[in-house]
Amino acid sequence: MIDFYLNGRRQQCADVPAETSLLELLRLHLGKTGTKEGCASGDCGACTVAIGELDAQGELEYRSANACILPAHQVASCHLVTVEGLARSDTPHSAQPHSSQLHPAQAAMVDHHGSQCGFCTPGIVMSLFTLYEQQRRTRAPLTQQHLEQALGGNLCRCTGYRPIRDAALAMGDYPDFQLAWADNTELADNLAGLRSDAYVAPQNYAMPQDIAALREMKRLRPRAKLVAGGTDLWLETTQRLETLDDIIDVHQVAELRTIDETAGGWWIGAAITLAELSPLFSEHFPAFEHLLHRFASSQIRNRGTLGGNIANASPIGDGPPVLLALGARLRLDGPEGARELPLEDFFLDYRKTALAEHEFIAAIFIPHPSAGRNLKHNLKIWKLSKRREDDISAVLGAFAWRIEEGVLRDVRLAFGGMAAIPLRATATEATLEGRAPDSAAFAAARQQLGEELTPMNDVRGSAEYRRTAASNLLERLRLMIEADNNHSAIKVTLDAYAH
Ligand SMILES: Cc1cc2nc3c(=O)[nH]c(=O)nc-3n(C[C@H](O)[C@H](O)[C@H](O)COP(=O)(O)OP(=O)(O)OC[C@H]3O[C@@H](n4cnc5c(N)ncnc54)[C@H](O)[C@@H]3O)c2cc1C
Ligand code: FES
Ligand code: FES
């Protein structure tokens, strides 16, 4: 039974098969067809909905998500808002709501001509709605960056983005709007009540709440597929039409949902979402936080987890090369106990990992940047992809180093897209270790890199392109270090291109 609130009203959906997506639940089971299916792969945003969950203060916080790749069972105990839930229909018999009854996200889209064929429009309106809600909650000014983040996961093929952008910028000028379901002042309390009710899952969809229950599930059903955010796994059913008939959902396992700071660094629970990592990264690893803006879209970052990003072992995943450069470790757990291993020992071959059948990733350890030697730790990350937003890397380079008495120390050069697994170029690192960061050292490093790595050859880039691009990233690194040392104006130019 999936027990949740939809646009302010309680919904109880029984007998929902495990592999049902939220989009299917809405359109096929509940007849709510306002939410559209464009790609069914998380790319276009037509299916965007807002998921409201209680924050630490017991207030509802709304985040956008792609309904097409979201397991329907994950909305249990949530307040789901769809495009049908925004306009007030105080005059139920009027054919069309008058514009004063529209939510500012909708009214602004109408007034700024932000919709032509309209297929993308429900998804865009829902992204604008979550943006509006976030601005209202935080009282932060609407910046270009917020706007791009909110809309980066929505494609429109006929209107063009300027009118949509204009609508976004104008939303705040509309009078305060009371959502129909906001009249239900007990909504948050009711949701809290649902949370404490036992969730009755179908036999083949388990949702353990703590690590002991997860271990037990893995013992009983070692072959069941784990799902966290579903942003990768759910494509198996929507794109490859495979059956997901035995699922263990880890997204509510309490121990996988914490970030624990120790003297040496942070243990990040595997089910912490990418969006939730933003505050930690922006304080301690600004380059990693910057990369998050180019990691998929808001919808995906709101659901996708760091654990899922590692476990899927994609050679072009964005998190693993950065974590390799930072010296991350993993804690694997299971019915037979826990063990730790360095991240580089986790990736064995294309999509093959050191994870045993009964194991799961419990947490990821990222060392504190100042741990070890008292030298400034540097980190640069460059992602090369065809589009700036919502695109997978062709090549990603993540470089960490320190400078001690004019020479490079603790050099770690990690790449995605340059082999069947994300990996460090250790021989290339060795050519730089202990040397001054000059042209000669980097020329040797570039030569070594060409010999050390065997890039992939696929639609995102030929092996030759990748080899050249990775080598050029090393040259960019040299220029950066040089500019840093000389406080040179060239840095401005380099930063401008360093997405
Ligand atoms: C449109 C789109 C854009 C994307 N863009 C990017 C991008 O720019 N960069 C990028 O790196 N990725 C991208 N991805 C891939 C994906 O979103 C990320 O890899 C994400 O971090 C996966 O996390 P998840 O929680 O959704 O994983 P899930 O889909 O839940 O799981 C992924 C895999 O990991 C396993 N798994 C999950 N949690 C655990 C655990 N705790 N222990 C063991 N196994 C586990 C699952 O069984 C599954 O095999 C994109 C995906 C889409 C659909
Ligand atoms: S239908 Fe395209 S993102 Fe869901
Ligand atoms: S209005 Fe047609 S796709 Fe956006």
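In this predicted model, G269 stands opposite A363 in β15. The surrounding strands, β10 (residues 265–269) and β15 (residues 360–367), pair in the antiparallel sense over five bridges.

Both strands belong to an open sheet of five strands, ordered β9-β10-β15-β11-β12, with antiparallel pairing. At its edges stand β9 (259–261) and β12 (339–342); each has a single partner strand, so one side of each is left without a neighbour in the sheet. Direction ignored, neighbouring strands of this sheet are turned by 25° against each other on average.

Two helices that pack on the sheet are listed below.

| Helix | Strands touched | Angle between directions |
|---|---|---|
| α7 (residues 211–220) | β11 (329–333) and β15 | about 130° with β15 |
| α9 (residues 274–284) | β9, β10 and β15 | about 160° with β10 |

A further feature is the second largest pocket, whose volume is about 900 Å³. Its lining comprises 33 residues, and E53, L54, R195, H251 and R257 lie nearest the centre of the pocket.

How values were computed: Residues are numbered from 1 along each chain as its sequence is written. Chains are lettered from A and ligands numbered from 1 in the order in which they are written. This is a predicted model: local features need pLDDT of at least 70, side-chain atom pairs count only at pLDDT 80 or more; totals for chains, interfaces and linings use all residues. Side-chain values use heavy atoms; hydrogens and water are left out. On a 1 Å grid over the protein atoms alone, a cavity is a set of points where a 1.4 Å probe fits but cannot get out, and a pocket is an open set with protein on both sides within 12 Å along at least five of seven lines; lining residues have an atom within 4 Å of a point. Grid points are joined across faces, edges and corners, and a volume is the space filled by probe spheres set on the points. Two strands pair if DSSP finds at least two bridges between them. Helices (H or I, at least four residues) and strands (E, at least two) are DSSP runs, numbered from the N terminus. Axes are lines fitted to C-alpha atoms, for helices over the stretch in contact, and angles run from 0 to 180 degrees between N-to-C directions. Contact means heavy atoms within 4.5 Å.
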